[in-house]
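Please read each point with the structure at hand.

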Amino acid sequence: MTSTKKSEIVQVRNRIDEIDNTILNLLKERLAHAKEIGKLKDDSNRAKWDPLRERQIYERLFNQNQTIFPEDALRSIFHEIITTCRLSQRKAEVAYLGPEATFTHLAGVKYFGHSASYKPMETIIDVFAEVEKGRTNYGVVPVENSIEGAVSSTLDSFMKYKVQICGEIQLEICHNLVCRSGNIEDIQTVASHAQALAQCRDWLRKNLPSVPTLQVFSTGAAAQMAANNPNIGAIASSLAIKTHELQVVVKGIEDYRGNTTRFLVIGPQSPSPSGNDRTSLLIGLMDRPGSLNEILTILTEEQINLAKIESRPIKGKQWKYLFFLDMLGHINDEQISRGCERIRELCSYYEWLGSYPRSES
């Protein structure tokens, strides 16, 4: 390399250093302004989180970017900046299905960023209890998978605990077979959560037909077991690999590509409208013919898009069910508000679970 080329590289690197310093100074300035906004909101008793404002920020940035900087990376960078600045107003404590490095933990980090304080819980029920009792600000729980369907323990917990849905996360699931050595010959048992094992059953049957499986309460727990026992393999997340210093045996062993899990963020109250929202209800129907059809007719008449309906049995009441409804829109929207009031009049049980921003991906 010629001295001229070396000189040019040095100049460009110096300019990059200057840009990095400018970015850092602007980040510090942005953080200071975010704290000031937090103080002003305290004085006016306004909510700290304004989802519409955040959505407008992303739209403005994408328009100005004009696809020059990769959009996925741009969203990731500014999501971390925005959440860090928001959490500087009041640091969020987030309960999740633990231990560390579960897919639920990964979903929480995707939503709240790395600045939040994360608290692993043993069960989904424990997450609900922590939020209801105010021991944490928020909780993250899985609610449905694109292959295996609804997570029943999450739906059942909404019947028992008084919390509201604040947001949702969609996380594409990549299941990795991992162990301490990285050698498939060392695996004598494969451990994981029941849903993860179900989502990989064909791969396991074809490639490890004589190896027994072991259901545990989370993928993170399975990773911990694999870290402590050289003969246990785990189906776990990419975060678990780093956390527990495991080796990948085979990456992406899920039976179907596009395997996605939807997670809910629960908290004490739902946020204000973002302009792209979802509303969730928990209802019980009158014991008469056509009661479900009456509800669906209201949704049709009000032109409300029903995104999901799921029934769950009521514990202790044989053949009695509650229904979970997801509708597109916010409870503050006129047609959603009117439709929900009409539905309430026809229900033996009615609970608004929350209105919250829809996941962008």
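In which strand is Ser 280 found?

1. The model is predicted. Ser 280 is found in strand 12, which covers residues 277-285.

2. The relative accessibility of Ser 280 is 3%, so this residue counts as buried, the cut-off being under 20%. Its side chain makes a polar contact of 2.6 Å with the side chain of Asp 326. Leaving aside residues up to four places away in sequence, Ser 280 touches Ile 165, Leu 325, Asp 326, Glu 351, Trp 352, Leu 353, Gly 354 and Tyr 356.

3. The largest nonpolar core has 23 residues, and Phe 128, Phe 158, Leu 264 and Ile 266 touch the most other members. Two or more residues come from each of several elements, including strand 1 (93-97), helix 6 (152-160), strand 11 (260-267) and strand 15 (347-357). Helix 5 gives the most, with 5 residues. Because domain 2 (93-173 + 260-267) and domain 4 (277-357) both give residues to this core, it lies between them.

4. Not counting residues up to four places away in sequence, Phe 128 touches Val 141, Thr 154, Ser 157, Phe 158, Tyr 161, Val 163 and Ile 266. Another core, of 18 residues, lies apart from the largest one; among its members are Val 94, Leu 171, Ile 173 and Phe 263.

5. On annotation, an unreviewed UniProt entry lists residues 93-268 as "domain: Prephenate dehydratase". This span is 33% helix and 32% strand, and its end C-alpha atoms lie 13 Å apart.

Definitions and conventions: Residues numbered from 1 in each chain as written. Predicted model: local features only at pLDDT ≥ 70, side-chain atom pairs only at ≥ 80, totals over all residues. Heavy atoms only, no water. UniProt positions renumbered as here; feature names shortened; annotations may be inferred. Helix = DSSP H or I, 4+ residues; strand = E, 2+ residues; numbered from the N terminus. Buried < 20%, exposed > 50% of the residue type's maximum accessible area, 1.4 Å probe, protein only. Polar contact = N/O pair within 3.5 Å; in protein donor to acceptor, adjacent residues only side chain to side chain. Contact = heavy atoms within 4.5 Å. Core = buried A, V, L, I, M, F, W, Y, C linked by side-chain atoms within 4.5 Å. Domains from an automatic or database assignment.
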